[in-house]
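Colleague: I have just opened this structure. Please show me how to read it.

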Amino acid sequence: MSQDTSTHASAAEAAEEAVPEESSSPAASPVPPPSRRPWSAWLRRSWTALRTCPRRWRERHPSAARALSVTVTVLAAALVVVALVMPNSVVRLGPATFVRIPAEGVIGAAVMIALPRRPRVALAVVSGVALAALTVLNLLDMGFNQYLGRGFNPVLDWSLLGDAQSYLKDSLGGTATLAATVGVLVLVLLLFVLLTLSTVRLANLLARHPGTATRGTLIAGVVWITCSSLGLQMSGVPLAVDRTATALKWQVRQARNTLRDEAEFQKVAKVDAFGNTPGSQLVPDLRGKDMIFTFIESYGRSAVEDPIMAPGVDRTLDTRTKALAAAGFHAKSGWLTSATYGGSSWLGHSTTMSGLWINNQQRYRTVMASDHMSLTDAFKKTGAFDTVGVMPGVQKGWPEQKWYGLDKVYNAFQLGYKGPKFSWSTMPDQYALQQYQDRVHSKKPAAGKARMSLLILTSSHQPWAPIPKMVGWDQLGDGSIFKGIQAAGNNPADVIADTAKSRQEYGKTIQYSVTALTEWLTRYGTKDTVLVFLGDHQPIARVSGNHASRDVPISIVAKDPKVLDKVDGWGWTDGLRPAHNAPVWKMSAFRDRFLAAYGSTPHPKKG
């Protein structure tokens, strides 16, 4: 017994001696420092738990797991199909739109079945990201078609998103705009993530069931070819489509055409029928006149002819025509087809004044950087006119002043307004007109000169709520009188959300703007005053309709009968309301017709 004990003791001592002493040098230790062990262990445990938790849940609840898996797969397939067949216009949305067979889905399934795992996953990821990007462009197309009557141009239109954000801020407030912006960004991110995960999931599902997937793909392909060949439709919508491929081709073609148009338009802008005309031969028949060109925001043909808006607007136009006649003024009116629709007012302004068709931002930038003569600059070149602009909508630097040939410009911060904003509009038109009277029109121009003025009125800018009201001209003061009117007006959010109310309120704003302008004219106009006023574009499609024209009314008003006699051959309608069958010109035709009518001699400048 003692011998065994002695033997065990000796073995224990030998074992202790065999264990090396703990080194004082960290480098000599084969394990991490103790301080790092808790973190690495925690990470390992957490990762293991994350990996095994779903597996354990599936093992414990097999029926629920299968149901969840099927649900997720169905939702993934639905999301991909919706992205593949979604139209680019709100008016085309409908149940039949989403039961179509997308060719891209059939072809994609066939390719995924044939590929090995790694290439299949890689292609699925790329396909998901690409489909998400095209879906975003599709949604932008929807918005642009709804508001501007055209699709989104991925080369030129990104800068307009900042303008849209500013518009929302002015209409709905900073907090709501910030929330909307964050919400949109989150939705776009989710769209990219969910579509990518969906395509990967569907690709893996096809690979796990190659036999069933192959048969299903062949059947879908045969059905697609049959529907396409026979032109089968449901509720007027084709059952077989290649919407995504068509959209992609359209975007590529649009980008190519945009770049080509930029080069071609630069050549067009260098050609000017009056570019070399001496100042002495420009508008000789208007020398000594008090010339005023005025744009009324969103004043379109729909305001004059739409059955909801027209009664009130037409009544105002007829009433103001009689009031002008009583003050000795007479008018002739016609139609111009605007280069823009629903927004981008500056394109309408520059098209009218340049005689060039400026229907996108690139053309606008090209013209603003050129020496192509504007109609307003023609008056400056005569040397017989002081030129001034009143721009209550301009709230930052405006380098376009040089191209327009304006000696002086009053922006929103230079008109002394202390009242409230009316959504996007910085001040009521009546106040802006009174400030024009006080700061410009009532002052005598330089010795031996007349004056040419350019006014941009803004009260009829969307969202058409709240709407200012006419007050006594002697009560305008610094604009504080409008505080009560603004507070009692409609909430912009309520009007934006209601199409019928938007149309009604839009009509009221046109009535207000026309009334303010013509009242100013009868109050302050002289025997030499010549007023040319027009709309810059139609209101958005939600108000004017999805198939509305791009026409806007234009009127020339004067006391001197010789002024209107010069345009008698144009066939325009007497009064402020143009007849339905009055002549319609492209907006770009106005400059040269106007210059020629008032005695200007063409001296072409060629590029």
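**Reading the model**

Modeller: At 58% relative accessibility, Leu189 counts as exposed, because exposed means over 50% relative accessible area, buried under 20%, and partly exposed in between (1.4 Å probe, protein chains only). This is a predicted model: local features need pLDDT of at least 70, side-chain atom pairs count only at pLDDT 80 or more, and totals for chains, interfaces and linings use all residues. Residues are numbered from 1 along each chain as its sequence is written, and side-chain values use heavy atoms, leaving out hydrogens and water.

Colleague: Where is Leu189 found?

Modeller: Helices are DSSP runs of H or I with at least four residues; strands are runs of E with at least two; both are numbered from the N terminus. Leu189 sits in helix 7 (residues 174–208). The protein has 22 helices and 13 strands.

Colleague: Which residues form a nonpolar patch on the surface?

Modeller: Patches take residues with over 30% relative accessible area and no salt bridge; like charges are joined within 9 Å, nonpolar side chains (Val, Leu, Ile, Met, Phe, Trp, Tyr) within 5 Å. A salt bridge is a side-chain nitrogen of Lys or Arg within 4 Å of a carboxyl oxygen of Asp or Glu. Here the patch includes Leu178, Val182, Leu189 and Leu197. Its members have about 830 Å² of accessible area together, by the Shrake-Rupley method with a 1.4 Å probe, where for residues only the protein chains shown count as cover.

Colleague: What does the side chain of Asp560 reach?

Modeller: A polar contact is a pair of N or O atoms within 3.5 Å; within protein, one must be able to donate a hydrogen and the other to accept it, and residues adjacent in sequence count only if both atoms are side-chain atoms. The Asp560 side chain reaches the backbone nitrogen of Lys562 at 3.0 Å. It also makes a polar contact with the side chain of Lys289 (2.7 Å). Asp560 lies in the loop between strand 11 (551–558) and helix 21 (561–565).

Colleague: How many aromatic pairs are there?

Modeller: Rings of Phe, Tyr and Trp (its six-membered ring) pair if their centres lie within 6.5 Å; planes under 30 degrees apart count as stacked, over 60 as edge-to-face, the rest as tilted. The whole structure holds 17 aromatic pairs. The rings of Phe293 and Phe594 have centres 5.7 Å apart and planes at 65 degrees, so the pair is edge-to-face. Both residues are buried.

Colleague: Why is the pair of Trp398 and Tyr404 stacked?

Modeller: Their ring centres are 5.4 Å apart and their planes at 20 degrees, so the pair is stacked.
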